[in-house]
Amino acid sequence: MRLFIAIDLPTDVKQELAETARSLGRQATSARLVPEENFHLTLVFIGESQRVDDIRRVMTEVCALH
């Protein structure tokens, strides 16, 4: 499983980004737009791992400190 740690964006930010992407897409000769519901801010890309429970535990512990 490909894992990453990300922040979900507010709906209004996603909508603004989607409109900007559509506008840019209309001007491009080739573009593949990402669905708006998939927009996020990636903080760390972990890569392939099956250690989902371990990573979730560590993230929970780190978040509790902040």
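Predicted model: local features only at pLDDT ≥ 70, side-chain atom pairs only at ≥ 80, totals over all residues.
User: What percentage of the residues is buried?
Analyst: Buried means under 20% relative accessible area, exposed over 50%, partly exposed in between (1.4 Å probe, protein chains only). Of the 66 residues, 12% are buried.

User: What is the radius of gyration of the chain?
Analyst: The radius is taken over C-alpha atoms, and the globule rule is 2.2 Å times the number of residues to the power 0.38. A compact globule of 66 residues would come out near 11 Å; this chain has 16 Å. Its C-alpha atoms fill a box of roughly 45 × 25 × 15 Å along the principal axes.

User: In what order do the elements run?
Analyst: Helices (H or I, at least four residues) and strands (E, at least two) are DSSP runs, numbered from the N terminus. The order is β-α-β-α from the N terminus on. That makes 2 helices and 2 strands.

User: How many salt bridges does the structure hold?
Analyst: Side chains of opposite charge can pair when their charged atoms come close. The cut-off: a side-chain nitrogen of Lys or Arg within 4 Å of a carboxyl oxygen of Asp or Glu. The structure holds 6.

User: Which residues are linked in a network of salt bridges?
Analyst: Glu19, Arg22 and Arg26 are linked. Arg22 pairs with Glu19, closest N and O atoms 3.1 Å apart. Arg26 also meets Glu19, at 3.7 Å from N to O.

User: Where do Arg22 and Glu19 sit in helix α1?
Analyst: They are 3 residues apart in α1 (residues 11-27), so about one helical turn separates them. Arg22 is partly exposed at 37%, and Glu19 is partly exposed at 39%. Arg26 is exposed at 58%.

User: Which residue forms a salt bridge with Asp53?
Analyst: Arg56 does, with the closest N and O atoms 3.4 Å apart. Both lie in helix α2 (residues 52-65), 3 residues apart, about one turn. Asp53 is exposed, at 58% relative accessibility.

Notes. Residues numbered from 1 in each chain as written. Heavy atoms only, no water.
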